[in-house]
Structures are given as C-alpha cells and as structure tokens.
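Biologist: I am new to this structure. Could you take me through it?

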Amino acid sequence: MSDTPFRHFDLNESLICLHSNALFRQRHTLTTAQGPDVAVAGKHYLNFCSNDYLGLAADAEVSAAAEQGVKQFGVGSGASHMVCGHSEAHQYLEQALAEWVGRSRALLFSSGYMANVGVIQALLGRHDHLFQDRLNHASLIDGGRISGARSHRFRHADVGHLEALLNSSAGACRGRGLIVTDSVFSMDGDVAPLAGIADVARPRQAWLMVDEAHALGVLGKEGAGAVVDAQLSEAHVPIVVGTLGKALGTAGAFVAGSTELIEFLIQRARTYMYTTALPPSLCMATLKSLE
C-alpha cells in the first residue's frame, strides 16, 4: 500500500489533454474600449462576440455618470450590503430596475452567476425539485448542484416534456418545485416558450424563474425583456433575473420579484450576504443606461 493515499495533482497533464482535444481557452487582451471595432495585439478587428448590445459600455454619458459616482461615493463600496456597503445609489438602482421589469422590488448582486446560484441555493433544499432546460447557462446548473435539490432536465424548449416531468415528480415527495430557464439562449439566440412554461407551472404550484441576461435591452417594451414581451405578470413568473454587464453596458446583476422574495433573499442568499457590494459608481452609470 502506498504511503501517499491521494493522487498527485498533475496539472500539466490536464492542460496537455485540453490542448489535444481543442478545448484549451485563451484570453484576448483588448487595448481599446468595447465597440464594433476593437484592437488586439496592434491589429483592429470587427467585434461580433461582445454582449454590449446597445453600445453603452463606452457611451460618453454613461461614463460621465460613473465619474460623478466616483466623486460622490468613492471607488469602492467598502463592505457587503449587510454591513455598511449599501448606498443610496444601490437603493435608487434597485427601485429603477424593479419598475423597469414590472416587479415589486429588485435586489442587486455582484454578477449574474452569483445571482442565479444565490437564488436557487436560498430557495431549494434536498427535499425539493428543480426543473431546468437542458441548454440553461452553467450558473443555473451550478446553483442546482449547490442547493442539493433533485434535478430534472427537460428537452430544450419542450413544454410537453417539462409537463411530463412535473407530473411524474408530483407525488415523489412534499418538496417544492422550481422551474428555471433562460429567456434568450445565448448560443443559438432562440427564445424560450415562456407562456407555455408558465401555463404548466401555475396549476402545480411550481415557481418559474427566468434568466433575462440576453433579453434585456433587446426584447419587450423599452427593452424590459422577454417576460414583459410575453405579458407575464409576477404571479406567472415570480422570479426574474437580469444582468447589467450586457445590454446595459456596466457590471453586476439583479433579481426582481415580490417584496417577500427580496426580503427572503436578503436573509438567505449567501452570494448576496457574504460579498462586497458593487461600487456605487457602477450603479450611477447603470441608472444612466436605463435612462
């Protein structure tokens, strides 16, 4: 028997394996601001891969709002929201975001990844059921794993398959049911059948959570997203998640829903409670983007 019971961390072997399978990722260092034309290593390229859908990441008015935010609030927030990091800039932005997407309240998170993980982790436990579209974003998948809930993956945009999974799981336990889907799927650009999903969710008392990361600024009245475009109320879609680093051109994310949902997440979402709040200057910039 070996004196060393654990296997050696051979990271070089793993990296070689990634290379050989064409899975090795590399970063491209830009020397210009985001825009249709960017420079990498001294060469200019047309940029077709950015999430800066509306060109706001380098917008002069948005940048000026960020500068004003730095002058007023400084560079960093200084703490988590739960300690002393929650400023009036955060408060104003949460109110504006909630109004924009037609929900009672909103709660800011440091990133879309942290928002998705935090919501699912807070709401579900090992006796609960999570139903996800097979093409959901990695953050939603990871949120399900962390929660410990029983996971069910339905075929992409297939309401019939989701309904069958809901029916087969209904009598399995007394746990809660949460359905999660992207609204616009970033790889293919198609839109989830949100109205159909809501129709099968409500009679079964399953909540529906929609990640609007790639729909905000693109779909719906005033760019308020696919949920607004489908005319689905808070009763139909209790949880709306959005990111600020795509069409709005800044950084961070938010969750919108009922007052009770937001208060619960403030108490229980670990990715909200245990991290430094966004810089207030980013909130000021995002308010200008919304305007």
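This is a predicted model: local features need pLDDT of at least 70, side-chain atom pairs count only at pLDDT 80 or more; totals for chains, interfaces and linings use all residues.

Biologist: What is the order of the strands in the open sheet?

Modeller: The open sheet has 7 strands, ordered β3-β9-β8-β7-β6-β4-β5, and the pairing is mixed. From one strand to the next, the twist averages 20 degrees.

Biologist: Which strands stand at the edges?

Modeller: Those are β3 (105–109) and β5; each has a single partner strand, so one side of each lacks a neighbour in the sheet. Strand β5 pairs with β4 (residues 129–133) in the parallel sense, over 5 bridges. D133, for instance, has F154 in β5 as its bridge partner.

Biologist: And which helix packs on the sheet, touching β4 and β5?

Modeller: That is helix α5 (residues 138–147), which also touches β6 (177–182) and β7 (207–211). Its direction makes about 165 degrees with that of β4.

Biologist: Turning to H152, is this residue buried or exposed?

Modeller: H152, which lies in strand β5 (residues 150–154), counts as buried because its relative accessibility is 9%, under the 20% cut-off.

Biologist: Which side chain does H152 join in a polar contact?

Modeller: The side chain of H129, at 2.8 Å. Beyond four places in sequence, the contacts of H152 include H129, L130, F131 and L165.

Biologist: New topic: at what angle do α2 and α11 pack?

Modeller: Helix α2 (residues 60–73) and helix α11 (residues 280–290) pack at about 145 degrees, with axes 7 Å apart. Their crossing is right-handed. Among the contact residues are A65 and V70 of α2 and M284 and A285 of α11. By class, the contact has 8 nonpolar, 4 polar and 2 charged residues.

Note on methods: Residues are numbered from 1 along each chain as its sequence is written. Side-chain values use heavy atoms; hydrogens and water are left out. Axes are lines fitted to C-alpha atoms, for helices over the stretch in contact, and angles run from 0 to 180 degrees between N-to-C directions. Helices (H or I, at least four residues) and strands (E, at least two) are DSSP runs, numbered from the N terminus. A crossing is left-handed if the near helix is turned anticlockwise from the far one by less than a right angle, and right-handed if clockwise. Contact means heavy atoms within 4.5 Å. Ala, Val, Leu, Ile, Met, Phe, Trp, Tyr, Cys and Pro count as nonpolar, Asp, Glu, Lys and Arg as charged, and the others, Gly among them, as polar. Buried means under 20% relative accessible area, exposed over 50%, partly exposed in between (1.4 Å probe, protein chains only). A polar contact is a pair of N or O atoms within 3.5 Å; within protein, one must be able to donate a hydrogen and the other to accept it, and residues adjacent in sequence count only if both atoms are side-chain atoms. Two strands pair if DSSP finds at least two bridges between them.
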